[in-house]
Amino acid sequence: MLFSKRKHTCPDPALDALLVSPAMMVDPYPIYRRLREEQPVFWSDTWNAWVVSRYTDVAESLKDKENLSNENRQALLFSGLTDDERQSLCPLRHYFAQKDVIGSDPPDHTRMRALVQKAFSPKTINALEPRIRALAESMIGAAAGQGRFDFIHEVAHPLPVVLIAEMLGAPVEDRHLFKKWSSDILAFQGTGQTTFGPAMLSQKSLVELFEYMNRLIDQRRKEPRDDLITALALAEEGGKGFSRDELLATCNTILTAGHETTTNLIGNLVYQLLLNPEQWAALRAEPALIHPAIEEALRYEAPKQRNFRRVKKAHAFAGVDFAENEMVFQVIGAANRDPANVENPDVFDIRRSKIDHLSFGYGIHFCLGASLARMEARIVMETLIKHLPQARLVPGSMRWQERVQFRGPGRLLLESARI
Ligand code: HEM
């Protein structure tokens, strides 16, 4: 049995309660500051996990492949459920027991990452530029003509979904299914506690996605095309390729990792620039600033606020003892604003001399889609500058999305200052 009994006492229940408070959705940064200053490595009862928040600790923890594991890390999420609930969640538990590129350790991870990496080579990613530009042109061009529009709904959401659907080789008209499946599947993760309802929803969407992907993989094996599913499905045939379960799980990872986070990056970037009109003006005058602006947005508002691992081997970390099979959350959003690593961390400043962040992870699981996400963000900014140089926020229109582990606007109304 993988589930371990908790052996720790939460040192500060009042601080712990804040980790699941509504404030975490709106402005988690004062809470992160307290974590870093008062309890940098903290046993949380509310998350049922260790919480690590300082930059150096988060970096060390992300790259520690000897003591920490990505394999079976989600299995722990079911530990708080009843036996009956666990029984009803058999398909979901089966899925999480499978290895995939993100949910594995070496040597399996090394094998699978090499297969996926081929599809994310600089040549393949650069070849996507014209298509991304065409999508940005049509979406931003159409939206700008409306006068006032929701940037998230019209651009930041659909662009990465259409792109990932096309890359995988799935019919683009199915993109609404992708968006729903991805959102349901991720909804129940984010802490070490889980509740039955969201887990059932996640299971339903996962089963539907897998039926869909299974059909697609079978088709591509009969009639190969120039797409990611074909590349991965054919890799499955080789002795060193994917098993079917690994392939399905990897497709799910690429689908979910490939757009939720990118939507947030693009939304956060535009929001911060328009909140700081002098930086938006500087960037329009000097497009070379787009690159540092993207990095600063990644630092300032990590699209994926937290990451997690399972303790593979009991060990001491920063003065506390981690026991086997406990969960460890690395709070990337807190690490990126650690004043020990960056001056004036709570200021958004695209002209910083050095921009360090952990938003794409660190170590062997470093994000495979980082250059694609950066390219999508760059092209969206270039297209926005072209069509809406006078863009401004409609005051009071921004709403944070209510997602436990992701951070980005759920709604962001823009208009042109000329109207
Ligand atoms: C701003 C956008 C993105 C952010 C913030 C982000 C963040 C991350 C993070 C933090 C990890 C490390 C997970 C871990 O250590 O367990 C990761 C891994 C990964 N990401 Fe991304 N990601 C983004 C975009 C993308 C895109 C566009 C794709 C693909 C189309 C992608 C595919 C992956 C894959 C396949 C992995 C697993 C790599 C491995 O385990 O070796 N990501 N991402």
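Modeller: The cover over the buried residues of helix 17 includes helix 15, helix 16 (277–285) and helix 19. Contact here requires C-beta atoms, placed from the backbone, within 7 Å of each other. Helices are DSSP runs of H or I with at least four residues, strands are runs of E with at least two, and both are numbered from the N terminus. This is a predicted model: local features need pLDDT of at least 70, side-chain atom pairs count only at pLDDT 80 or more, and totals for chains, interfaces and linings use all residues. Residues are numbered from 1 along each chain as its sequence is written.

Helix 17 spans residues 290–300, and eight of its eleven residues are buried, so it is largely enclosed by the rest of the structure. Buried means 20 or more other C-beta atoms within 10 Å of the residue's own; 12 or fewer means exposed, and anything in between partly exposed, with C-beta atoms placed from the backbone. The buried set is Ile290, Ala293, Ile294, Glu296, Ala297, Leu298, Arg299 and Tyr300.

Two of the covering helices also meet each other. The axes of helix 15 (residues 244–275) and helix 19 (residues 370–387) come within 10 Å and cross at roughly 40°. That makes helix 15 oblique to helix 19. Axes are lines fitted to C-alpha atoms, for helices over the stretch in contact, and angles run from 0 to 180 degrees between N-to-C directions. Under 35 degrees counts as roughly parallel, over 145 as roughly antiparallel, 65 to 115 as roughly perpendicular, and the rest as oblique.

On the helix 15 side, the contact uses Thr261, Thr262, Leu265, Ile266, Leu269 and Val270. Helix 19 answers with Ala373, Glu376, Ala377, Val380, Met381 and Leu384. By class, this contact has nine nonpolar, two polar and one charged residues. Ala, Val, Leu, Ile, Met, Phe, Trp, Tyr, Cys and Pro count as nonpolar, Asp, Glu, Lys and Arg as charged, and the others, Gly among them, as polar. An α-helix has 3.6 residues a turn, so residues three or four places apart point the same way.

Next, the ligand. Its shell holds 26 residues, the closest being Gly258, Thr261, Gly361, Cys367 and Gly369. A residue belongs if its C-beta atom, placed from the backbone, lies within 6 Å of the molecule. Helix 7 (108–119), helix 15 and helix 19 each give two or more residues to this shell. Helix 15 gives the largest share, seven residues. The shell divides into 14 nonpolar, ten polar and two charged residues.

Pro107 lies in the loop between helix 6 (90–97) and helix 7. The peptide bond from Pro106 to Pro107 is cis, with omega near 5°.

The loop between helix 18 and helix 19 holds Asn344. Asn344 is not a glycine, yet its phi is positive, about 45°. Asn344 counts as exposed, with 10 C-beta neighbours inside 10 Å.

Key:
Contact = placed C-beta atoms within 7 Å.
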